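Work through the exercises below with the sequence and the structure at hand, trying each task before reading its solution.

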Amino acid sequence: MNENQTSINFNPDHIPDILPILPIVDTNLFPKMVLPLVIMQKEAIELIDQAMAGNRILGLLLSKRSDISSKHSQGELYTVGTVAIILKMAKMEENKAQLLIQGLSRFRVKEYIDGKPYIEARIEVLESTNISTGEKETLALMSNIVDQYEKIVNLSPGLPAEIGAMVRSIQEPDILADMVASTINAPVVEKQAVIEMIDVKERLKKVTRLVNDQLEILEMGSKIQSQVKEDMDKRQREYYLRQQLKAIREELGETDDESVEVSEYRKKIESEGLPEAAAKEAEREIKRLSRMHPSSSEYVVASTYLDWLTSLPWNKKSKDQLDIKAARRVLDQDHYGLEKPKKRVLEYLAVRKLKNDSKGPILCFSGPPGTGKTSLGKSIARALGRKFVRIALGGIRDEAEIRGHRRTYVGALPGRIIQEIRRAGQNNPVFMLDEIDKVSSSYHGDPSSALLEVLDPEQNYSFTDHYLDVPFDLTDVMFLTTANVLHTIPAPLRDRMEVIELSGYTEEEKLKIATKYLIPRQREANGLKTDQIKISTGAIKEVISGYTRESGLRNLEREIGSICRGVASKIAEEEIEKITISKKDLHGYLGPIRNMPENGTNISVPGVVVGLAWTPVGGDILFVEATAMKGSKGLILTGQLGDVMKESARTAMSYIMAHADSFNIEPGFFADHEIHIHVPAGAIPKDGPSAGVTMLSALTSLATGKVVKKRLAMTGEITLRGDVLPVGGIKEKVIAASRAGIKHIILPKWNEKDMEEIPANIKDSMDFVFAAKMDDVIANAMDLKVQS
């Protein structure tokens with residue numbers, strides 16, 4: 001910032017005859033007064049630079065227009081203005097400067113001079129006339145101005161009190177008039193008229209009129225403010241009078257609208273039979289409500305709270321249908337398979353039939369997407385004859401979503417548990433908490449911690465929502481939760497739930513579900529009649545194996561929907577009347593086949609083994625590939641492997657190097673080769689403790705040159721001693737292997753107990769080998785005799 005300043009000690013006789021003229025808008029400068037200005041026009045900046053290079057003197061003329069967007073012409077300026085000197089100048093940036101200027105005297109323009117980019121004029125200095133400091137009229141005018149001005153200062157918060165004392169100390173009438181005129185809130189045109197007045201006595205009279213006008217405006221504003229305050233006091237007084245009137249009406253037995261509302265709340269409390277704690281809180285709120293004015297914001301808060309309190313189903317419940325056979329029929333009608341959850345629900349009904357006050361179970365359906373977890377909850381509600389309510393917990397990160405907001409917050413509401421209970425109208429619905437594994441936390445709190453009370457039968461009899469602030473009994477509610485994975489659920493919360501795993505469907509189960517449920521549903525959704533479309537069993541099997549690869553049913557239903565839409569389009573265009581879809585017709589509706597699993601598992605080169613993996617969306621197969629290159633000793637791992645899989649690979653490498661003689665591996669093979677293990681696909685991250693057996697088999701196959709059996713897959717973890725350790729997800733992995741056309745599976749010996757969960761048709765279609773040692777795995781995978 002460039003800054004220049006000077007001190008003022010100037011002789012008016014030294015004012016030049018020719019001055020640069022600076023137009024100003026919406027402000028005035030009086031002689032002896034100081035004014036800050038901001039200059040932003042290029043011509044004005046050049047004028048200031050010329051003035052600063054000389055005597056710093058310039059003339060200020062008020063413009064008759066208020067905008068500064070364009071250059072002012074000579075005809076737009078008043079002819080009388082103020083000669084000023086620049087006390088201080090600071091350039092902020094290009095074409096912008098700040099000035100502090102002081103008025104010296106009045107002047108009149110005699111003529112304008114052309115030739116400069118800015119306005120320049122020949123001037124004459126105007127001296128004040130009729131200055132009679134001792135004349136009585138002048139003294140009276142000055143005294144009146146000072147008295148009125150002090151009143152203005154008292155009524156104006158923006159004017160400091162010291163300025164009144166300063167004005168009273170001024171003895172010169174011309175300076176007094178200019179000082180007062182410059183500080184009062186008057187239009188710039190009126191102030192310009194004061195500047196143009198040379199006669200001091202006339203100037204005093206003009207300023208007197210301006211001061212009186214300003215004082216009248218301020219006094220009127222003060223009066224309005226007083227009236228507003230009086231109105232507020234009046235409303236307060238009316239409130240107390242209304243309270244007294246209300247008491248009188250109660251004595252006379254009369255009622256008004258407010259008392260009617262209060263009595264309605266009391267009737268609801270009596271009819272609903274609220275528990276003692278809730279009734280006590282409701283009575284306290286009613287007493288508060290009766291003392292409030294309806295226009296009060298607190299009145300709305302109290303009445304909203306009472307609405308919630310009286311509309312909850314404290315004692316309303318549906319009667320359970322305890323016919324076990326009828327419930328079994330309902331569950332079988334809606335879902336094929338899913339024997340475990342059906343059995344658990346029927347057990348609950350049986351216990352309920354024998355013991356009325358038994359607590360509801362808290363079940364967690366865990367499994368891949370599309371396996372029927374949510375729809376199973378609806379069927380359970382239908383079987384029990386209860387209302388079904390559901391909330392999605394995915395992405396919830398605020399504890400208030402579960403427990404509600406405290407009433408101190410604006411717009412507070414109960415949590416979603418209480419909201420859905422009220423919406424159900426019963427205190428024993430089937431309540432599904434969907435996607436409980438996707439609850440997150442933030443600085444607003446941890447919703448999973450709030451769910452601990454909701455899902456604990458020993459605690460939820462007195463669940464206290466922050467908004468209601470009274471306990472609500474949730475013991476009759478049958479809570480169901482769903483999850484894709486369990487490891488993301490906090491351990492204390494998982495401990496409160498009875499987990500029922502829903503693994504993927506087999507091809508046979510999918511065929512029956514498609515025939516019984518999916519095809520009729522899609523046929524109806526697309527406006528087709530039963531006789532207009534039929535899909536052969538072979539076509540359905542081809543869709544299942546060739547166009548979808550999933551544990552659930554969502555993609556299968558989408559593909560059936562695509563077929564139905566294609567048929568509907570042809571019928572609407574009158575190309576056909578009805579059709580039976582066979583395998584050869586699928587290409588026209590669904591395009592080329594997408595999955596050819598059987599060819600992919602026919603391995604014909606050494607170093608490649610099929611492994612079995614568990615994922616959040618069900619089981620899957622994965623290939624482990626190993627190759628050797630001439631080079632220094634080392635191990636390369638690719639395929640975005642996690643830490644656990646990397647450790648499995650290093651363990652397998654160490655084991656086979658230590659037991660190379662047992663596997664008839666050439667001496668020096670590992671010393672002369674660099675080993676590369678890759679797990680496709682490289683773009684997908686992989687990890688887990690079940691790939692050790694597969695990696696060791698791939699390394700053995702590579703080093704011995706033996707190819708593993710066709711259509712063989714395996715899973716299990718290993719130790720440096722060669723033990724095969726058990727793994728999880730056996731059912732999902734076996735189903736995935738069946739889906740991929742695998743015929744031989746090697747499993748850890750300890751997982752033999754899990755075969756009870758495998759569907760019988762899959763067990764009959766596969767050969768299973770249970771290995772306790774890696775020697776057993778190698779011997780069965782590639783017919784290699786291991787030397788002891």
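**Exercise 1: Confidence**

This is a predicted model, in which the mean pLDDT of the chain is 83 and 93% of its residues reach 70 or more.

Task: Find where in the chain confidence is lowest and where it is highest.

Solution: Strand E1 (residues 2-5) has the lowest confidence, at a mean of 48, whereas E24 has the highest, at 92. Then look at residues 5-9, over which pLDDT stays under 50 and for which the model has ten contacts beyond four places in sequence.

**Exercise 2: Helix H12**

Task: Compare the reach of helix H12 with the expected span, and work out what its buried residues pack against.

Solution: First, take the twelve residues of H12 (residues 373-384), which reach 17 Å from the first C-alpha to the last, close to the 16 Å expected at 1.5 Å a residue. Next, pick out the buried residues of H12, among them Leu-376, Ile-380 and Leu-384. The buried residues of H12 pack against elements including helices H10 (324-334) and H11 (339-354), and strands E8 (362-366) and E9 (388-392). Finally, step just past H12 to Gly-385, which takes a positive phi of about 75°.

**Exercise 3: Asn-751**

Task: Decide whether Asn-751 is buried or exposed, and trace what its side chain reaches.

Solution: Begin in the loop between strand E24 (744-748) and helix H26 (760-765), where Asn-751 is found. Because its relative accessible area is 1%, and buried means under 20%, Asn-751 is buried. The side chain of Asn-751 reaches the backbone oxygen of Val-727 at 2.8 Å, and a polar contact of 2.8 Å joins it to the side chain of Asp-754. Leaving aside neighbours within four places in sequence, Asn-751 is in contact with Pro-726, Val-727 and Ile-730.

Methods:
Residues are numbered from 1 along each chain as its sequence is written. This is a predicted model: local features need pLDDT of at least 70, side-chain atom pairs count only at pLDDT 80 or more; totals for chains, interfaces and linings use all residues. Side-chain values use heavy atoms; hydrogens and water are left out. Helices (H or I, at least four residues) and strands (E, at least two) are DSSP runs, numbered from the N terminus. The expected span of a helix is 1.5 Å times one less than its number of residues. Buried means under 20% relative accessible area, exposed over 50%, partly exposed in between (1.4 Å probe, protein chains only). Contact means heavy atoms within 4.5 Å. A polar contact is a pair of N or O atoms within 3.5 Å; within protein, one must be able to donate a hydrogen and the other to accept it, and residues adjacent in sequence count only if both atoms are side-chain atoms. pLDDT is the predictor's confidence in each residue, from 0 to 100.
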